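Student: I would like to learn how to read a model like this one. Can we go through it feature by feature?

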Amino acid sequence: MRQQSVRTAALVLCILSYLLVGAAVFDALESEAESRRQRLLAQKRSELRRKYGFSAEDYRELERLALQAEPHRAGRQWKFAGSFYFAITVITTIGYGHTAPGTDSGKVFCMFYALLGIPLTLVTFQSLGERLNALVRRVLLAAKRCLGLQRPRVSTENMVVAGLLVCAATLALGAAAFAHFEGWSFFHAYYYCFITLTTIGFGDFVALQRDEALQRKPPYVAFSFLYILLGLTVIGAFLNLVVLRFLAASSADAPEPAGSRASAPESRGLARPGGASSISHRVHRLETWARDNLGFSPPASPGAAGGRGAGRPPARRKSI
């Protein structure tokens, strides 16, 4: 228990340090540029007021009108295609902010819709990610057999590297497509894909907001919806691998209580007497879950490896 508390405190300190570093870097990169934009905006505001004789109140009213008109520059947002787009951003928690319900009834329905849709989406993407990881494992095994390896084995590291390559390819494919359809640079399109598929969803770049694309370009609309859903599956599968690898490494590094190695084989799937599970037992369960659901074997910890009987026949693996 004490080791778990220390590990949790270390993780909290790590997150806080990461936030401080991020804040310092963003401050250095963005603060001066923000000041320049503010000065330029104030200069333009003064020029417009002198040119057209606007009062301060008239100019504020003009600003409000411009902000209210912004969501409508792409055409009708609440027809079926636009509503489907909004529903995707709700249940996937992307939340661009390019449009939002304007009626109280719409706001109420949105809350209840998200309350059910977000957990359902998480479970669905989790299941799809597991199947995708199993497919990648089969492909890697086949590739190793083609290379002439006698006893090929797919490790966690192999899966993480393969997942990283698949993610990079997915982002690059989407960037090329959106750069073509939206007229963005490849860098900005890649940035949009990354922000979307990680569900950050700033909303500074949003697809399907030009030339009434939601109504006039059905093939592009279908591609955008499909890309977001499939891309989220790919990114989710990769993040599952990374989290599982971290959990396996974290459990393997924990000190093992005395006598737990001898008790591990006798407690497969059962808790130790007294209600507390040993570290090695938890690692063994984690590895078993990974084999059966993700299709690969995490690196075995010393405690889990030492707990398996020497003369015991190998356990039959479940088919995928």
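Student: Leaving aside neighbours within four places in sequence, which residues is Thr 196 in contact with?

Tutor: Contact means heavy atoms within 4.5 Å. By that rule Thr 196 touches Ile 94, Tyr 96, Ile 228 and Leu 232, once its neighbours within four places in sequence are set aside. This is a predicted model, where local features need pLDDT of at least 70, side-chain atom pairs count only at pLDDT 80 or more, and totals for chains, interfaces and linings use all residues. Residues are numbered from 1 along each chain as its sequence is written, and side-chain values use heavy atoms, leaving out hydrogens and water.

Student: How far apart are Thr 196 and Ile 228 in sequence and in space?

Tutor: They are 32 residues apart in sequence and 7.5 Å apart in space, C-alpha to C-alpha.

Student: Is Thr 196 buried or exposed?

Tutor: Buried means under 20% relative accessible area, exposed over 50%, and partly exposed in between (1.4 Å probe, protein chains only). Thr 196 has a relative accessible area of 2%, so it is buried. Thr 196 sits in helix α6, residues 186-197.

Student: How many helices and strands does the chain have?

Tutor: Helices (H or I, at least four residues) and strands (E, at least two) are DSSP runs, numbered from the N terminus. Here there are 11 helices and 0 strands. Of the 320 residues in the chain, 31% are buried. Take contacts between residues at least 6 apart in sequence: 61% of them join residues at least 24 apart.

Student: At what angle do helix α4 and helix α5 pack?

Tutor: Two packed helices are described by the angle between their axes and the distance between the axes. Axes are lines fitted to C-alpha atoms, for helices over the stretch in contact, and angles run from 0 to 180 degrees between N-to-C directions. Helix α4 (residues 104-146) and helix α5 (residues 156-182) pack at about 110°, with axes 10 Å apart. Angles under 35 degrees count as roughly parallel, over 145 as roughly antiparallel, 65 to 115 as roughly perpendicular and the rest as oblique. So α4 and α5 are roughly perpendicular to each other. On the α4 side, the contact uses Asn 133, Val 136, Arg 137, Leu 140 and Lys 144; α5 supplies Asn 158, Met 159 and Ala 162.

Student: How many salt bridges are there?

Tutor: A salt bridge is a side-chain nitrogen of Lys or Arg within 4 Å of a carboxyl oxygen of Asp or Glu. The count comes to 6 salt bridges. One of them joins Arg 45 and Glu 63, at 3.9 Å, N to O. This pair links distant parts of the chain: Arg 45 is in helix α1 and Glu 63 is in helix α2 (residues 56-69), 18 residues apart.

Student: Which residues make the nonpolar surface patch of about 490 Å²?

Tutor: Val 12, Leu 13, Ile 15, Leu 16 and Leu 19 make it. Patches are made of residues with over 30% relative accessible area and no salt bridge: like charges are joined within 9 Å, nonpolar side chains (Val, Leu, Ile, Met, Phe, Trp, Tyr) within 5 Å. Accessible areas come from the Shrake-Rupley method with a 1.4 Å probe; for residues, only the protein chains shown count as cover. Val 12 lies in helix α1, residues 2-52. With a relative accessible area of 45%, Val 12 is partly exposed.
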